[in-house]
Amino acid sequence: DQSDATKIVVTPKNPRVLKSHSILLKCQSEYDSHLKHSFKLSWRKDGDELPVNSTEDGRIILDRDTLFISSVTQEDQGVYTCVARTSLDSVTAKSQLVVLDVPDPPEDLLLSENQNRSVRLSWKVGASHNSPINESIIEFEENRWEPGRWQELAHVLGNDTTTLLSLAPYMNYQFRVVSVNAVGRSQPSKPSLRYATPPAAPDKNPENIRVEASEPNEMVMKWEPLKPVERNGPGLEYKVSWRQQGVEADWNEETVKKHSLTLRNTPTFVPYEIKVQAVNNLGSGPEPNVTIGYSGEDVPDAAPSGVSVDILNSTLVKVFWFGIPRDRVRGHLGGYKVSWWKTKSMLDGKRHHPEKHFLTFIGDRNYGMIPGLEPFSEFRLTVLAYNAKGDGPESSPVVFETPEGVPEQPRFLRILNFDKDSVTLSWGLPKKANGHLTGYILQYQMINETHEIGPLNDVSVTNRSTLSWKLSGLSSSTKYKFYVKACTVKGCGKPVTEEGLTMAQGSKGIGKISEAVKPTQKFHPIEALEPGTEYTVRLVTKNWVDNNSIFEDVIETRGRAYAGIYDGISTQGWFIGLMCAIALLTLLLLTICFVRRNKGGKYSVKEKEDLHPDPEAQSIKDEIFGEYSDSDEKPLKGSLRSINGDIKATESADSLVDYGEGEHGMFNEDGSFIGAYSGSKEKGSVESTGSSTATFPLHA
């Protein structure tokens, strides 16, 4: 039997690892399966065998075919060998570990070629730790102005080890060097010897000369002071020169140590020419540049003139004005402010407590747009100029009126008296009419669950006091969507909408509406209701402005008898026989009663009424209550939404209070509650399967 030779390889091959990082070496091997029991692996570093036990507190871990080193140091650099032995052969594989680190600090700093404003600095670099040095940074510290603070002075690219440094006068320097490679920066070198430069006159003047906001008749000039390295010598001061532009020929001068100067008793907001020059014990800086600054501002002392208003629509106007003269601004013009306030409504003539609004228009302009005004209202408007000190005087108020606009949507839409082919709609006034109402547009269309919709039908209501309408010619058992929008001469506003389902053929549940019930009444008769039927009875105000009933209860009229118990029961033979027997018994009882009556006998009038509703009473009821239908009837504010004949009132956030100004709970004819009502709820007997709703708006 011939065995295969053992093969091994170490991965990764020749890794380069940053100091303090970790490395995992793996020895992958192939050997003859017959030699499995004699196969052994071991590791060597630079020829010396590494012990199997972990070393240096677990930093180097040997585990059969792996070698793991955490927190790599410079000492870990070297050649690592994996040795594989069997009873027949021995093979090795190597990997060289290179550890990368920042350079060691430079050494042996030397100063030469001493000049007043320069010196040459030379140094020796430290070890680069397998990554070449690509830059040297020279830093300085001076102990005259900022002792102990090291600042960068120069950068030397590549591996050069000498450079000529440019220096400032009147400084006492020392230098140090930092080496840089791809890994990072070295620690700084030890400092060089001190090197002092002689003083000189300033080389530059202050910058950023400006006049800051100040009081009227005052001017505060400011500038950026020179940095310590720019002073060049002892005794630094600033010579300030100024003169009023175009007025004074000679310069005024004053020398100060600080970096500002305040002039008093200057004219308000006039231009000055200003110069600032640096001076020390050895001389002056170069000739300074001239800066223009303005003396202190004051608020404008004139109002814009020629203010006019161009009305664009019912909520938007354009305002024009003539700006104030430049010499009246008394500062840098910030812009113009337009103020306006509503004085009265053109609809009711009511005066309004003035609530001021304003818009700011920045810069030198002579017009502005004012949006969001209330339609059909009277306003007053003023314009003023402003600057950094504040607002100038307002112009005289201009009065203007906004035209009528379209109304807001009606407060509510409710559905009353759903029949199989008709419906009565009732709606509220719009929250804001924005003009004189001319009427309403009613629209309706069929809708169904598949999102198909029928054509939109329009009805125009030209009587603006009409707040209800009967729509006829509808299909039975059909869902409709209704829309009502209020209109002025300018057009119609957004619609209020409601949906409902007409009744099936032959179904009941039509609401009835009574005539006036006096506020002093304690009770009111409801006549000729269907026997054995459940009713909802409501007492509401005449102009039903919200959903709150004064009184509401469910009653049930006494039934004659149940027509049947189960569907189809009347087709059963036993039932027919039973009915015949009852009919015979009833005939017999009627005969006996007839005989007794002829003899002067009596029976309950109530039973008679229950069994036979009085036709005359029915006609009286029709006269008193009526079935609310035509638009000529008195308006009804409110609605009942009917879905499959189950009529219930919808909720509304509207309040009675929104519609009147009366006191002590009293409201007038245009909308509401007249007096206090007392009523008690009496529960009727619950015997019937029928259901309907009657609603009785209170007519005062």
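The following legends describe close-up views of a predicted model.

In this predicted model, local features need pLDDT of at least 70 and side-chain atom pairs count only at pLDDT 80 or more, while totals for chains, interfaces and linings use all residues. Residues are numbered from 1 along each chain as its sequence is written, and side-chain values use heavy atoms, with hydrogens and water left out.

**View 1. Phe-140 and Tyr-173 form an edge-to-face aromatic pair.**
A search of the whole structure finds 14 aromatic pairs. Rings of Phe, Tyr and Trp (its six-membered ring) pair if their centres lie within 6.5 Å; planes under 30 degrees apart count as stacked, over 60 as edge-to-face and the rest as tilted. The ring centres of Phe-140 and Tyr-173 are 5.4 Å apart and the planes stand at 65 degrees, so this pair is edge-to-face. Phe-140 belongs to strand β12 (residues 135-142) and Tyr-173 to strand β15 (residues 172-180), 33 residues apart. Strands (E, at least two residues) and helices (H or I, at least four) are DSSP runs, numbered from the N terminus. Both Phe-140 and Tyr-173 are buried. Buried means under 20% relative accessible area, exposed over 50%, and partly exposed in between (1.4 Å probe, protein chains only).

**View 2. Tyr-444 and Phe-482 form a tilted pair.**
The ring centres of Tyr-444 and Phe-482 lie 6.5 Å apart with the planes at 35 degrees, so the pair is tilted. This pair links strand β35 (residues 439-446), which holds Tyr-444, to strand β38 (residues 479-488), which holds Phe-482. Tyr-444 and Phe-482 are buried. Together with Phe-418 and Tyr-480, Tyr-444 and Phe-482 form one aromatic cluster.

**View 3. Lysine charges sit over the rings of Trp-251 and Tyr-367.**
A charge sits over a ring if NZ of Lys or CZ of Arg is within 6 Å of the ring centre and within 35 degrees of the ring normal. The charged end of Lys-275 is 4.3 Å from the ring centre of Trp-251. Lys-318 lies over the face of Tyr-367, at 4.9 Å from the ring centre.

**View 4. Thr-466 lies in a loop.**
This loop runs between β36 (457-461) and β37 (468-471). Thr-466 counts as buried because its relative accessibility is 8%. Thr-466 and Ser-426 are 40 residues apart in sequence, yet 9.2 Å apart in space, C-alpha to C-alpha.

**View 5. Residues 574-595 are 100% helix.**
UniProt lists residues 574-595 as "transmembrane region" in an unreviewed entry; such annotations may be inferred rather than shown by experiment. The end C-alpha atoms of this span lie 32 Å apart. Ile-582 lies in helix α2 (residues 573-598) and is partly exposed, with a relative accessible area of 40%.
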